[in-house]
There are 2 protein chains.
Amino acid sequence: MLTDEYRYKILKILEANPEISQRDLARELGISLGRVNFCLKALIEVGLLKATNFRNNQNKLGYMYFLTPKGLEEKSVITARFLKAKLQEYANLQTEIEELRKDVNQTMSIKYHQMEIKQP
Amino acid sequence: MLTDEYRYKILKILEANPEISQRDLARELGISLGRVNFCLKALIEVGLLKATNFRNNQNKLGYMYFLTPKGLEEKSVITARFLKAKLQEYANLQTEIEELRKDVNQTMSIKYHQMEIKQP
DNA sequence: AAACTGACGTTCAATTAATGAACGGTTGAT
DNA sequence: ATCAACCGTTCATTAATTGAACGTCAGTTT
């Protein structure tokens, strides 16, 4: 599956470093090689990325992945959308944490009360 | 899979409302019926929950799920652990959002600069 | 009383998502 | 020529989840 998270992260990494290998990309993203391969293909498929054969200074061969004009354009859209989602997530987390704090305090207070009762 | 998230949520909901059906629980948690069934069995398996046959005021039959003493005890541990994880998640999200903001601003600034250049 | 309705928990075949070992190809060193 | 080190690609396998289908029970309707 190709989510905005990986759209954003992959485009960002490749813009800064187009000659990274799929394995290193997988390591950096914390996902499997197969999944990286799948995501790259998908990004190429929709025209955000282009792969060109390339052999660099040392024992590396393989592709260089660079953003197409459409990719550059779309990246800002994706980034903004991803940020928006993260801000929402942040707000949700805030209320969720408040709720959790209440739960913890409530339990604590019960325990404390039980302790008081047990005092001689 | 039974994660802390559902351990916490299920124990919380059932403590407040032990006679909820698996379907309603699924709806409330936003997961499937099969998964709720799986989670409940797992919680019963480890002794945090107990199911007793029960028929209530109207056309409902089925189980009443209530927390065992161990379940009550463990719930506070799980809640605290879950809160801690959420706080970490919150902190991570904060830096992630900062990073995203930078990216957005950077792109904006490039676009703005391009606009200026294009001015006659 | 027999048939129907609706809600219950249980099951499991099917779907979806993700993994990583294995493969063939290419490069540069031994 | 052989070897070792990477490369991208593939795909059988595992993991996780879904929800339609099933049998059961209690109340309602025919």
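This is a predicted model: local features need pLDDT of at least 70, side-chain atom pairs count only at pLDDT 80 or more; totals for chains, interfaces and linings use all residues.
**Exercise 1. Is Lys12(B) buried, partly exposed or exposed?**

*Solution.* Start with the cut-offs: buried is under 20% relative accessible area, and exposed is over 50%. Lys12(B) comes out at 27%, so it counts as partly exposed. Next, the partner: the side chain of Lys12(B) makes a salt bridge with that of Asp103(A), 3.4 Å from N to O. This pair crosses between chains, running from helix H1 of chain B to helix H4 of chain A. Finally, check Asp103(A): its relative accessible area is 8%, so it is buried.

**Exercise 2. Describe the contact between chain B and chain A, then say which helix supplies the largest share of chain B's side.**

*Solution.* Count residues to begin with: 23 of chain B are in contact with 23 of chain A. The two chains bury about 2,300 Å² between them, with 65% of that on carbon and sulfur atoms. Now the charges: there are eight salt bridges between the chains. One of them joins the side chains of Asp103(B) and Lys12(A), at 3.3 Å from N to O. On to the helices: H1 (4-16) and H4 (69-118) of chain B each give at least two residues to the side that touches chain A. The largest share, 21 residues, belongs to H4(B). By type, chain B's side splits into ten nonpolar, four polar and nine charged residues.

**Exercise 3. Take the salt bridge between Lys75(A) and Glu15(A) and work out where each partner sits.**

*Solution.* The side chains meet at 3.1 Å, N to O. Lys75(A) is in helix H4 of chain A and Glu15(A) in helix H1 of chain A, 60 residues apart, so the pair links distant parts of the chain. Then look at accessibility: Lys75(A), at 10%, is buried, while Glu15(A), at 41%, is partly exposed.

**Exercise 4. Find what Ser76(A) reaches and touches.**

*Solution.* First place Ser76(A): it belongs to helix H4 (residues 69-118) of chain A. With 14% relative accessibility, it counts as buried. Its side chain reaches the backbone oxygen of Glu73(A) at 2.9 Å. Leaving out residues up to four places away in sequence, Ser76(A) touches Thr107(B) and Lys111(B).

**Exercise 5. Check the length of helix H1 of chain A against what you'd expect.**

*Solution.* The helix has 13 residues, 4-16. At 1.5 Å a residue, it should span 18 Å. The end C-alpha atoms are 18 Å apart, which agrees. Among the buried residues of H1(A) are Tyr6(A), Ile10(A) and Leu14(A).

Definitions and conventions. Residues are numbered from 1 along each chain as its sequence is written. Chains are lettered from A and ligands numbered from 1 in the order in which they are written. Side-chain values use heavy atoms; hydrogens and water are left out. Contact means heavy atoms within 4.5 Å. Buried area is the accessible area (1.4 Å probe) that two parts lose on being put together, summed over both. A salt bridge is a side-chain nitrogen of Lys or Arg within 4 Å of a carboxyl oxygen of Asp or Glu. Helices (H or I, at least four residues) and strands (E, at least two) are DSSP runs, numbered from the N terminus. Ala, Val, Leu, Ile, Met, Phe, Trp, Tyr, Cys and Pro count as nonpolar, Asp, Glu, Lys and Arg as charged, and the others, Gly among them, as polar. Buried means under 20% relative accessible area, exposed over 50%, partly exposed in between (1.4 Å probe, protein chains only). A polar contact is a pair of N or O atoms within 3.5 Å; within protein, one must be able to donate a hydrogen and the other to accept it, and residues adjacent in sequence count only if both atoms are side-chain atoms. The expected span of a helix is 1.5 Å times one less than its number of residues.
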